[in-house]
Amino acid sequence: MDPNSHALLELESETVVIGEQLDRAVSGSGSLLVVEGPAGIGKTTLLRKAMDMGRERGMRVVYGRGGVLERQIEYGVVRQMLEEALIGATEAERKDLLAGPAAPAAAVLGFADPPADAGPGRDQSENILHGLYWLMANLAESGPVIAVFDDAHWGDGASLIASGYLARRVEGHPIALLAGVRDDEPESLARTLSPVFLDAGAVMLRPKPLTGAAIGEILSYSFPGTAASPELITAFSEASGGNPFFITELVNELSESHASLDELSPNQVFDAGPMAVRRSLLMRLGALGDDSRRLAQALAILGGEGELRHAVAIAGVDPDEGARAVDKLVAAGILESGRRLRVAHPLVRAAIAEDIQPSAQSAYHRLAFETLRKEGATDDETTVHALNSDPAGDADLVELLRRTADRAWRTGTPATAVVHLERALAEPPPAEARPQVVAELGKAEIRAGRFPEGIARIDQALEGLKDPELRVAAQRDRGFAAFASGGMERARELTSVSLAELGDSDSDAALQLEADLATLGWLTGGDSGLDLKRHLRLPGDTAAERLILALLSQELHQGDAHPDQVEELAKRALGNGRMISEDTSEALGWYMAIYALLTVEAFGEVAVSIEQALADSVRRGSAFGRAGVLGSRAVLAINQGRLVDAEADARQSAAGGVAPIMVPVNASFTIRALAEQGKTDEAEQVMIDAGIEHSPGGPTVLRWVPWGRAILHEIQGNLDAVRADVAPMQEDEQQRGGMKALSWRALLARTIARTMGYSEEAEALAEEHLAWANGWGRPGAMGTAQRAHGLAGKPKLRAERLEEAVETLAKSELKIEEARARVDFGIALLRAGRKSDGTGQLEAGLDLAMAGGARRVAEAAATELEIAGAAPKRLSFDELTASERRVAEFAASGKTNREIADELFVTPKTVENHLTRVYSKLGIGSRRELEGAL
């Protein structure tokens with residue numbers, strides 16, 4: 001019986017749902033659909049029907065299928081889906097498809113080299129996932145797309161992750177994403193995929209077992225002229241569980257020996273049982289002859305499908321005999337009909353493969369490897385067989401697996417690289433190459449989080465590894481693994497060994513090892529045991545030198561150095577753009593240097609470098625780099641009193657691909673921007689959503705977390721919360737010196753004064769901070785300290801001290817802090833009876849607050865002016881949200897919805913919704929009117 005007969009029996013309702021989902025996607029709303037169930041229930045049948053329905057609607061079909069043998073080929077299913085679209089495109093079309101944020105996808109699909117090694121601890125996958133998402137979005141620009149991931153239970157881990165990433169972002173695109181998942185595959189990684197799809201709003205289809213009516217129809221078709229009794233139908237139903245494939249095989253088994261249903265009894269059906277599937281298949285296959293059997297086995301080894309010339313070569317069958325064998329296999333329902341050979345069902349392939357002895361399977365894979373290699377097949381086509389063949393000392397096989405492993409860890413899938421290199425090592429490699437292979441395996445294990453194994457492997461490799469560069473690269477990974485598994489002490493110990501071996505302590509290799517260790521100390525607050533100050537005169541010619549200089553700018557700004565020295569070190573690290581051009585905007589040293597410059601109020605330098613970094617991240621399509629740079633720009637905007645811009649950048653950064661360590665930091669930037677605008681309820685919700693209500697954050701940049709919370713709590717007048725928030729900063733100063741940007745004494749002094757009135761504690765805190773600020777000498781820091789000193793002092797001294805703060809802050813770029821100081825000064829003058837002077841300061845403070853979006857400060861100024869007898873002020877604030885304004889500004893500049901979506905890490909549909917609200921709020925009807933309205 002043809003296994004495809006009655007394929008869509010009792011699937012009419014599922015077909016209707018598929019049509020609705022495809023129509024949703026064609027309309028531009030996007031759709032997600034998962035077909036889930038046990039083997040043989042009809043998942044692939046439904047997916048094929050969906051593809052036909054998609055073609056009828058003019059949709060482009062991209063298809064990929066997981067394979068039991070291909071699970072160790074990273075992004076294997078993704079390549080199946082997308083390679084054809086790129087190969088079939090013209091050069092100009094391909095350039096457009098891979099433009100902008102889609103650029104990182106080129107490395108996965110073989111149209112660009114894999115990204116360079118970013119060093120230990122850096123994951124490349126975020127950029128690649130973002131790139132694949134945008135490549136799919138670009139494909140959908142020319143027409144709706146249906147993307148089908150069949151047999152996802154056998155999909156490689158990277159493709160499953162990419163599918164989940166796309167699933168969360170498909171809304172707003174004309175894309176229908178469909179997946180077929182077996183729910184009875186115990187080791188399937190796809191078990192994690194269905195929940196991701198569900199969270200993203202997927203429709204789940206779970207085909208049901210066939211009813212008695214459908215089983216009766218199948219029996220009537222297979223045994224024409226006779227009708228099945230209810231008892232016989234029940235027997236078939238219970239024996240097969242209503243599974244369409246199993247029913248088909250039971251019918252095939254029983255029809256061999258019974259001409260009509262009248263000859264069958266329920267007991268005979270039960271006796272055939274579930275084992276009939278395998279037995280029936282193998283018996284039918286054996287009856288077709290040795291050539292057919294070997295050809296079917298060769299196809300099973302090829303993963304269930306392949307070219308005839310490959311199958312006959314692997315099976316050792318004459319090509320003409322092979323063609324005849326194919327006809328027999330198709331007639332027997334073991335192969336599908338078509339030019340490309342394909343086994344009829346995954347269960348058929350599994351039954352054939354399981355019948356091959358393990359030793360024979362390995363021999364078949366070796367033949368497949370050699371056959372495909374001679375034809376110049378791709379690495380992916382040959383790697384499957386290299387991994388599944390027995391070792392034979394083949395140097396070419398070793399080089400293939402080293403090459404695919406290198407690609408795997410460079411594209412963010414080190415666990416796959418481990419599998420490839422373990423097999424390469426077992427081949428084994430030539431003696432002279434063995435230390436390098438061992439080192440590569442150690443690196444892959446470390447990148448995959450297998451630290452003890454990786455350290456042991458690198459120790460082994462270093463015994464025979466001669467090349468100095470390879471040795472240093474291995475030692476860098478070993479140092480990172482030692483830290484990750486044993487802490488700073490273990491990392492210091494192994495780095496000391498490596499440095500002693502190098503001998504030349506000033507070599508670039510030694511600097512790189514020191515920079516790695518010092519970076520780990522900076523990130524965690526641990527003691528690296530290094531004296532970086534001996535490197536103060538480094539010119540910044542190499543990546544290692546630049547990172548050392550950036551680290552020094554951080555170390556010195558936490559100590560007693562003059563801000564001019566901190567600024568000079570940070571500028572030397574940046575090298576007039578050299579760090580960005582050579583180390584890219586993803587370099588951790590860039591962030592260190594930028595935050596040091598922010599601390600010394602070198603805002604002009606910061607702005608220039610941020611624009612260079614943004615251009616770099618856009619050019620390379622780096623979602624990671626751009627999100628990080630936007631976070632830095634948010635801090636700059638907060639300092640310069642552009643609070644709406646700060647909120648937009650902080651929210652945009654949080655939506656991008658930032659490192660996990662920066663997620664709570666970016667949330668704190670959003671909290672600050674909202675709190676400074678007076679949006680305390682929104683700020684509170686961001687804090688709760690980010691889970692940082694009580695988090696101390698951690699050392700260095702992580703202290704931004706409690707700092708953002710402290711600013712919110714100061715505005716709310718919650719003294720106890722402020723005390724808890726600043727406690728980690730106090731500890732930092734006692735132990736190693738704190739971040740100078742976090743003026744916790746001034747903040748605590750202001751909060752005490754606001755909530756308790758005059759106290760000696762507040763004045764003492766303010767005086768301590770003022771003493772430091774006067775030594776630091778930067779106008780923003782000095783003015784902030786002077787304002788706190790005025791608020792915390794006795795009332796009779798307040799006006800005099802606040803006047804000094806206003807004069808100092810007027811020379812700085814901290815315009816919101818100046819607005820606060822002017823309002824506080826104006827209030828003090830009014831209380832002292834100096835009405836004219838007081839209202840003047842209040843007016844000036846109100847203007848600054850309005851310009852910066854500081855609603856709370858502006859409202860306070862307006863209230864005081866009205867109390868003083870001035871006419872009520874009409875406070876006109878931007879009614880657009882930060883996100884709406886950013887979208888409107890981009891639209892006014894001529895960017896398309898898709899370009900805006902790329903800039904903001906959102907979907908085109910979200911952009912469209914924002915613009916609809918913008919038009920309504922501004923009272924306009926089109927894009928052309930935006931510029932004037934804004």
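**Briefing on a predicted single-chain model**

The mean positions of the 99 positive and 139 negative charges of the chain are 4 Å apart. The structure is a predicted model, and its chain has 934 residues, of which 57% are buried. The secondary structure comprises 47 helices and seven strands.

**Overall dimensions and surface**

- The C-alpha trace of the chain extends over about 115 × 70 × 50 Å along its principal axes.
- The chain exposes about 37,500 Å², and carbon and sulfur atoms account for 50% of that area.
- Of the contacts between residues at least 6 apart in sequence, 68% connect residues at least 24 apart.
- Glu800, Glu803, Glu804 and Glu807 form a negative surface patch.
- Glu804 counts as partly exposed because its relative accessibility is 43%, a value between the limits of 20% for buried and 50% for exposed residues.

**Backbone features**

- Most residues other than glycine have a negative phi, and most peptide bonds are trans.
- Tyr75 is not a glycine, yet it has a positive phi of about 55°. Tyr75 is found in the loop between strand 2 (60–65) and helix 3 (76–87), and it counts as buried because its relative accessibility is 2%.
- Asp151, likewise a residue other than glycine, has a positive phi near 50°. The loop that holds Asp151 runs between strand 3 (145–150) and helix 7 (157–167). With 4% relative accessibility, Asp151 counts as buried.
- The peptide bond between Glu427 and Pro428 is cis, with an omega of about -5°. Pro428 is located in the loop between helix 21 (414–426) and helix 22 (434–447).

**Packing around helix 15**

- Helix 15 spans residues 308–315, and its buried residues are His310, Ala311, Val312, Ile314 and Ala315.
- These buried residues pack against helix 14 (290–301), helix 16 (319–331), strand 7 (341–342) and helix 18 (358–374).

**Salt bridges**

- There are 75 salt bridges in the structure.
- Arg294 and Asp290 form one of them, with their closest N and O atoms 2.2 Å apart. The two residues are separated by about one helical turn because they are four residues apart in helix 14. Asp290 counts as partly exposed, at 39% relative accessibility.
- Asp379 and Arg403 form another salt bridge, with an N to O distance of 2.9 Å. Asp379 lies in helix 19 (residues 379–388) and Arg403 in helix 20 (residues 395–410), so this pair ties together parts that are 24 residues apart in sequence. Asp379 is partly exposed at a relative accessible area of 24%, and Arg403 is also partly exposed, at 43% relative accessibility.
- Glu714 forms a salt bridge with Arg750, and the closest N and O atoms are 2.8 Å apart. Since Glu714 belongs to helix 35 (residues 704–716) and Arg750 to helix 37 (residues 744–756), the pair ties together parts that are 36 residues apart in sequence. Both Glu714 and Arg750 are buried.
- A network of salt bridges links Arg366, Arg373, Asp394, Asp396, Arg423 and Glu427. Glu427 is also the residue joined to Pro428 by the cis peptide bond.

How values were computed: Residues numbered from 1 in each chain as written. Predicted model: local features only at pLDDT ≥ 70, side-chain atom pairs only at ≥ 80, totals over all residues. Heavy atoms only, no water. Buried < 20%, exposed > 50% of the residue type's maximum accessible area, 1.4 Å probe, protein only. Contact = heavy atoms within 4.5 Å. Areas by Shrake-Rupley, 256 points an atom, 1.4 Å probe, with all protein chains shown as cover. Lys, Arg positive; Asp, Glu negative; His and termini not counted. Charge placed at Lys NZ, Arg CZ, Asp CG, Glu CD. Patch = residues over 30% accessible without salt bridge, like charges linked within 9 Å, V, L, I, M, F, W, Y side chains within 5 Å. Salt bridge = Lys/Arg side-chain N within 4 Å of Asp/Glu carboxyl O.
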